[in-house]
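Subject: Structure handover

Hello,

Please find the structure below, with the sequence alongside. My notes on what was found follow after it.

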Amino acid sequence: HNFNNENDDAMFTEEDPNKPQRETFVKIARRLSEKGCISLSLASLSSKCPDLRCIAIATLGLFLKAVHMEEAHSLKTWRERPQLAMVLDSVQRGILVRRAISIARRQEEGDNEKPLLIPMFPAVSAVFLGWSALIVSRPSDDMFASANRCFLRLDDYHGAFKDCFSLPAFISLFCGSFADENSQARRERLWALQLLKDGVRDSYCYKVAARRHAPALIMTSFESLIGCGGLHENDAEPHLLLEAIECLLLNGGHAARHHLLSNLGLCSWLRGLLIGRPSHLPFPSTKIFLLFNRLVDNAFKCAIEEEGEKPNSLGDVRTEAMAIAGPLVRAYAQVHNHVTESTTGEVLYALLCTLETLSICSSLGMDSTASRRFDSMRNDGIPISAACRLLDETATLSEDRKAKATKAISALPISIIPGDEGMGKKLCLVLLQNARQATVTGSASVLGSALNCVLHVLGAFGTA
C-alpha cells in the first residue's frame, strides 16, 4: 500500500472547497493520536492476521496524510506533529524499501505471480515503534531525547527505518555507559530490558533478538552485577534482567529453548552464578531469590521438554540438575535468615517446587536402581543439615506437598562429610517417617526413594 497514493488523496486536494472538512479531519487525527491510535496501529503490524495488518497500514496512511496537511501545520495545539511525522515517514520508507527489495528478488527468481502481502513485523520491533510514537509525543518523558535520536540518525534511504524486521535500538540503548548509576544511560538500559521483556512473544521475535546477541548480553550483564556485589534490594535492573531471560526462554519457543540451553548453556550458567558468588554476598532480597529460583525451575522444565522431544540433545542435563541442587539450597539458607514471617511459606514452597523439577530431571534416561541414582552423592550435594531443616519446615505443609518434598530430596545428591553422623541418622528417621505417612495417604512411590536414600546415607557412614 502506498501512503502517498494520489487517487486516495482526491478528496483532500487543494481544489476541495470544503476547507472545514479538512480542518475537522486534522483535529480528529490529533485527538486519536493523543489516545494512542498511532501506537496501536504500529503495534498491530506484528499481528498474524493479514487483514488486521492491512487495516493498520491503511490507518497509518491516513495519519500520515493528516500530519502533512497544511491545516495540520497551522494547528498550534498539535505540538508533537513534527515528531509523529518523523516516525511515520521513517516507517513508511522502511516498508517501501523492504517492498522494493522483495520485488527485485522476485524478478530475479522469475516469480511474479504471487501477490505481495503486508509484511508481518516481529512483535519486538512493532512494540518499539508503538512506544516510540508515544514517547516522542511527550517531551517530558525521560526517554524523549533517546527516542528522537534513534530516528534522527537514520540516514539511508532518506531516513528509512530499516530495523522493521530486526531488534531496533537495543544495542545502542543497553550497551551505554555503566559508570553513573543515576545517568540517562541507566534509564536507557532499563527501557531496553523492558522492551525485550514485553516484545519477545514467539520464536520469530527470539531469532531476531538472538541475531543481535541480546540473550548473551543480558546474561553477561547479570553475571557482572552478581559478581561485583551490584545486587541491591530496591534496584530494578537485576529484577528486569532475570525477568527478561525468563521471558526469552518461555516465549521464544523451541528456538529459544535450544539456543539458551544448548548453545549458551543456561543451566550451567545458573549453577556457576551460585557457586561463584562470594559467600558474604547473599541475595539481597526475597524477590531476587524468588526470581532466580523461578528461572532455575523453568530452565530445567524446558530441559525436560527438550529431552522428551530429542533425547540427549542437551548433553548431560541430568548431571546439571544434580549439581545445582546443593548450591541452590545453600542460597536458600542464606536468604532464609532475612525472610519475613509473611513470606517464609512462599519462599519454601517455591524452593520445593524447583527441587521437585530437579529430581525429575536428574532421573532422565536412568533406571530406578539406587546404584545409578546415587552415583553423584558428593560434596556439592544438599548438605545433610539443610535437608533436615527443609524436611522439618514441611511439617506445616499439606501431606501431598510433604510427600513430594520427601521424594525430591531423596532423589537428589546429599553432601556427607565426617562428623555428620548425628544429622545423618536424623535425616534417615525423618525420611522414613514422611515416607510411611505418604504411603498411608496413597503416595507409595515415596517409600522406594526414601529407602534408597537411607541406605546410601547409612552406607556412607559404614553403618548400613
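Is E309 buried or exposed? E309 is exposed, at a relative accessible area of 51%. Please keep in mind that this is a predicted model.

R257 belongs to helix α13 (residues 253–263) and E309 to helix α15, so the pair ties together parts 52 residues apart in sequence. Salt bridges with shared partners link R257, E305, E306 and E309 into one network.

The structure holds 19 salt bridges. One of them joins E71 to R22, where the closest N and O atoms are 3.1 Å apart. Here E71 sits in helix α4 (residues 70–73) and R22 in helix α1 (residues 19–34), so parts that are 49 residues apart in sequence are tied together. E71 counts as buried at 7% relative accessibility, and R22 counts as buried at 10%.

Another salt bridge runs between R294 and E246, with 2.8 Å between the closest N and O atoms. R294 is in helix α15 and E246 in helix α12 (residues 236–251), so this pair ties together parts 48 residues apart in sequence. R294 is partly exposed at 39% relative accessibility, while E246 is buried at 9%.

Nonpolar core and surface patch

The largest nonpolar core has 136 residues, and L266, F292 and L355 have the most contacts inside it. Helix α15 (residues 286–309) supplies the largest share of this core, 11 residues. If neighbours within four places in sequence are left aside, L266 is in contact with M219, I245, L249, L260, L261 and A299.

There is also a nonpolar patch on the surface, formed by L432, L447 and L451, with about 210 Å² of accessible area together. L451 is part of helix α22 (residues 445–460) and is partly exposed, with a relative accessible area of 40%. S449 is placed in helix α22 as well, but S449 is buried, at a relative accessible area of 13%. Apart from neighbours within four places in sequence, S449 is in contact with K407 and S410.

Cysteines

How many disulfides does the count come to? The count comes to 0 disulfides. A disulfide is a covalent bond between the sulfur atoms of two cysteines. For C49, the closest cysteine sulfur is in C54, at 8.5 Å, which is too far for a bond, because the sulfur atoms would have to be within 2.5 Å. C361 is in no disulfide either, as the nearest cysteine sulfur, that of C267, is 6.8 Å away. C49 is partly exposed, with a relative accessible area of 36%, whereas C361 is buried, with a relative accessible area of 0%.

A tyrosine to look at

Y204 is found in helix α10 (residues 203–211) and is partly exposed, with a relative accessible area of 27%. Which residues does Y204 touch, not counting those up to four places away in sequence? They are M120, F121, P122 and F165. Y204 and F121 are 83 residues apart along the chain, and their C-alpha atoms are separated by 9.4 Å.

Regards

Methods:
Residues numbered from 1 in each chain as written. Predicted model: local features only at pLDDT ≥ 70, side-chain atom pairs only at ≥ 80, totals over all residues. Heavy atoms only, no water. Patch = residues over 30% accessible without salt bridge, like charges linked within 9 Å, V, L, I, M, F, W, Y side chains within 5 Å. Areas by Shrake-Rupley, 256 points an atom, 1.4 Å probe, with all protein chains shown as cover. Salt bridge = Lys/Arg side-chain N within 4 Å of Asp/Glu carboxyl O. Helix = DSSP H or I, 4+ residues; strand = E, 2+ residues; numbered from the N terminus. Buried < 20%, exposed > 50% of the residue type's maximum accessible area, 1.4 Å probe, protein only. Core = buried A, V, L, I, M, F, W, Y, C linked by side-chain atoms within 4.5 Å. Contact = heavy atoms within 4.5 Å.
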